Amino acid sequence: MSEKTPRLRAALDGIPTYKPGRPAAAGGPVAYKLSSNENPYPPLPGVLESAVAAAGSFNRYPDMACTGLMAELADRFSVPVDHLATGTGSVGVAQQLVQSTAGPGDEVIYAWRSFEAYPIVTQVSGATPVQVPLTSGEVHDLDAMLAAITERTRLIFVCNPNNPTGTVVRRAELESFLDRVPDDVLVVLDEAYREFIRDADVPDGIELYRDRPNVCVLRTFSKAYGLAGLRVGFAVAHPEVAAALRKTAVPFGVSQLAQEAAVASLRSEAALLERVEALVVERTRVHDALVAQGWTVPASEANFVWLRLGDRTTAFAEACERAGVVVRPFAGEGVRVTIGEEPAMDLFLQAAAEFRKAL
């Protein structure tokens, strides 16, 4: 037998592997998973029933055009259908965006630390990632991102609110940034956590995209809508960009279960808003408690909080796990903690307080 192996792309050697949040250990001491920014609530009213009904025909391929969902999104956000594209979560659409704009020799700019999928989807396409450090306040440094633009720049991600810090870019600075980006560079406003924003000075990306052909907005049903396991996200962009996204989408990638569940979720907005508000209230309680303990915590507009811990990150995460909660550590940098059930947050706050006292 030959010892030779298939020749793979050398570019894959340096690509980081996406690390999902660790689950709570079955039968172990850990009771709560706060590591994946999941919604702790069950499906919204009518959603499970719609998905179960769709499951009866999963021997058939789903509607590849997502016709019903696209019509519902067009109505909900007052955009033309040809300005929409869907994918397997917003991360799937993000990969479609990079595939549509950038290849070998091209550059993709994003803040760092930000969503960990950005370097992965960039390098998979053969493009070069350009990471621009956050400010000392954990916010996008838009001036530095502008300065990083070169003739090779094809796409810029602006994660708003930013994952994992929860910080936001406000209207004046974002509009000024967009006005200065070259027209042939696509700016992607990644708004996976849009529903959790309470800062009135943070603009809705869909309003910004309307008169800016080089702006695209990413949204997902995984977070506020609680459909993380069904993998459905979408983009709002001008027709040329949206068409490119539909071309690069995996055929039949969004299942019929996901499509029907997403439509039912959009039609259950009152219940959605009630649940989101409850999580925002809990976010405020957790933030204030951490500050009272002596931690420096950036104000979060997402469904998580961020603690920059440096070389204490791993030890803190281990302390939380011993207390019964799994959080998301970024080694050497910090810990992201999803806002979950109140008992889970009580355990986390107790662990944080005890860790702080031991410093």
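## Helix α6 and its two sides

In this predicted model, the face of α6 turned away from its buried side carries two exposed residues, Ala 172 and Asp 179. On the buried side of the helix, which runs over residues 171–180, sit Leu 174, Phe 177 and Leu 178. Look down the axis of α6 and these buried residues fall within an arc of 95°, so they line one face of the helix.

What do the buried residues of α6 pack against? Their partners are the helices α5 (142–147) and α7 (205–209), plus the strands β5 (153–159), β6 (186–190) and β7 (215–220).

Most residues other than glycine have a negative phi, and most peptide bonds are trans. The loop between β5 and α6 holds both Pro 161 and Pro 164. A cis bond joins Asn 160 to Pro 161, with omega about 0°, and the bond from Asn 163 to Pro 164 is cis too, with omega near 25°.

Positive phi turns up at Cys 66, about 50°, and at Ser 78, near 55°. Cys 66 lies in the loop between α1 (47–55) and α2 (67–77), while Ser 78 is in the loop between α2 and β2 (84–87). Cys 66 is buried at 2% relative accessible area; Ser 78, at 54%, counts as exposed.

## A nonpolar patch

Tyr 61, Met 64 and Phe 252 make a nonpolar surface patch of about 380 Å². Phe 252 comes from the loop between α8 (239–248) and α9 (256–266), and its 36% relative accessibility makes it partly exposed.

Note on methods. Residues are numbered from 1 along each chain as its sequence is written. This is a predicted model: local features need pLDDT of at least 70, side-chain atom pairs count only at pLDDT 80 or more; totals for chains, interfaces and linings use all residues. Side-chain values use heavy atoms; hydrogens and water are left out. Patches are made of residues with over 30% relative accessible area and no salt bridge: like charges are joined within 9 Å, nonpolar side chains (Val, Leu, Ile, Met, Phe, Trp, Tyr) within 5 Å. Accessible areas come from the Shrake-Rupley method with a 1.4 Å probe; for residues, only the protein chains shown count as cover. A salt bridge is a side-chain nitrogen of Lys or Arg within 4 Å of a carboxyl oxygen of Asp or Glu. Helices (H or I, at least four residues) and strands (E, at least two) are DSSP runs, numbered from the N terminus. Buried means under 20% relative accessible area, exposed over 50%, partly exposed in between (1.4 Å probe, protein chains only). The arc is that of the directions from the helix axis to the C-beta atoms. Contact means heavy atoms within 4.5 Å.
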